[in-house]
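Q: Could we go through the charged pairs in this model together, and then look at the overall fold?

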Amino acid sequence: MKAAARLGLYGLALVAVFGVSVFTANAIIPEDTVQSWAEDTADNTHHREEEMNSGGHEGHEAGTALLGLGLAQDGYQLTSVSAPTRPSDEGELTFAITGPDGNPVTDFERDHEEEMHLVAVRADGQRFAHVHPERDETGIWSIPWQWESAGTYRIFADFVPAETGEGLTLSTMLQVAGSYEPVPVQPTLATTVEGFDVAVSGDLVAGSASELTMTVTRDGESVTTLEPYLGAFGHLVALRDGDLAYLHVHPHGDAPAAGETSGPEIVFEATAPTPGRYLLYLDFQVDGQVHTAPLVIDTTGSSESQPSPGDGTGEHEEGEDHDH
């Protein structure tokens with residue numbers, strides 16, 4: 001069977017599977033969000049067929065993959081994903097990354113001090129987790145796992161195959177049985193987490209690199225004892241509200257030396273692909289303890305005219321603890 005035909009059948013299978021997922025998701029997430037995912041999936045399949053027929057590999061599919069919303073990119077695929085299906089069930093989250101030859105990849109470069117960064121977040125932006133699973137000799141990644149609440153989750157695998165040296169982010173959706181009642185998220189430029197006050201400043205401009213400054217204080221005093229974490233004084237994950245598109249964010253400055261401390265400010269560079277609302281999750285370390293501060297920021301303009309995904313409002317919960 002030709003490659004185009006195989007991929008065409010694979011696309012049809014994805015549509016069928018997604019149809020079942022939509023039926024389940026409607027019970028636990030807002031209907032407009034589910035509809036947005038369904039339209040995006042159908043659109044991706046349509047463009048994939050066009051590109052296969054024309055022999056091209058760019059366009060909408062490539063853009064989706066670059067935002068971490070694809071299951072596969074450049075011959076690499078996120079496969080064999082398994083996790084508990086109900087809240088409070090103890091188990092493992094396992095998966096593999098297969099390469100262009102179809103076999104599990106066992107050779108990765110370290111990026112931000114780890115071979116694999118696994119991010120999990122519920123569709124409403126809650127229950128964020130950034131962890132680092134372990135890989136066995138066969139290429140299976142695993143980590144002890146327990147969901148705290150029901151919902152539809154997206155998990156991201158962020159890694160660098162040694163063969164290419166190029167970073168990739170792949171993702172898929174998981175359903176956790178049960179229901180919840182999300183509420184709309186609002187811009188949150190300051191928050192408190194475990195006694196630390198964290199604030200974000202700067203303009204996030206769609207379509208161009210923007211500097212965002214995170215400031216950490218405690219009891220009104222600047223925190224100057226930020227410790228290196230993942231090769232920097234802070235690690236920031238940014239996701240687009242609605243579809244949870246994954247933004248690659250880079251800290252400013254040289255990598256800190258062991259034992260060096262800093263603060264209260266951490267500066268990052270982020271590029272928002274479209275106007276809209278973005279969910280920020282800052283990991284920082286003090287006294288050997290990692291803390292995660294959730295923030296929400298809207299873009300303030302655009303370097304060029306681009307449509308916003310959906311209506312930009314989304315359905316989210318505030319005031320919940322975040323997994324880490």
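A: A salt bridge here is a side-chain nitrogen of Lys or Arg within 4 Å of a carboxyl oxygen of Asp or Glu. The model is predicted, so local features need pLDDT of at least 70 and side-chain atom pairs count only at pLDDT 80 or more, while totals for chains, interfaces and linings use all residues. Residues are numbered from 1 along each chain as its sequence is written, and side-chain values use heavy atoms, with hydrogens and water left out.

Q: OK, how many salt bridges turn up in the whole structure?
A: The search finds six. One of them joins Asp124 to Arg122, at 2.9 Å from N to O.

Q: And is Asp124 buried or exposed?
A: Asp124 is buried, with a relative accessible area of 1%, where buried means under 20%, exposed over 50% and partly exposed in between (1.4 Å probe, protein chains only). Arg122 is also buried, at 1%.

Q: What does Arg127 pair with?
A: Arg127 forms a salt bridge with Glu148, and their closest N and O atoms are 3.0 Å apart. Arg127 sits in the loop between strands E5 (116-122) and E6 (129-131) and Glu148 in the loop between E8 (140-145) and E9 (151-161), so the pair ties together parts 21 residues apart in sequence. Strands (E, at least two residues) and helices (H or I, at least four) are DSSP runs, numbered from the N terminus.

Q: Switching topic, how many helices and strands does the protein have?
A: There are three helices and 21 strands, and buried residues make up 45% of the 324 residues.
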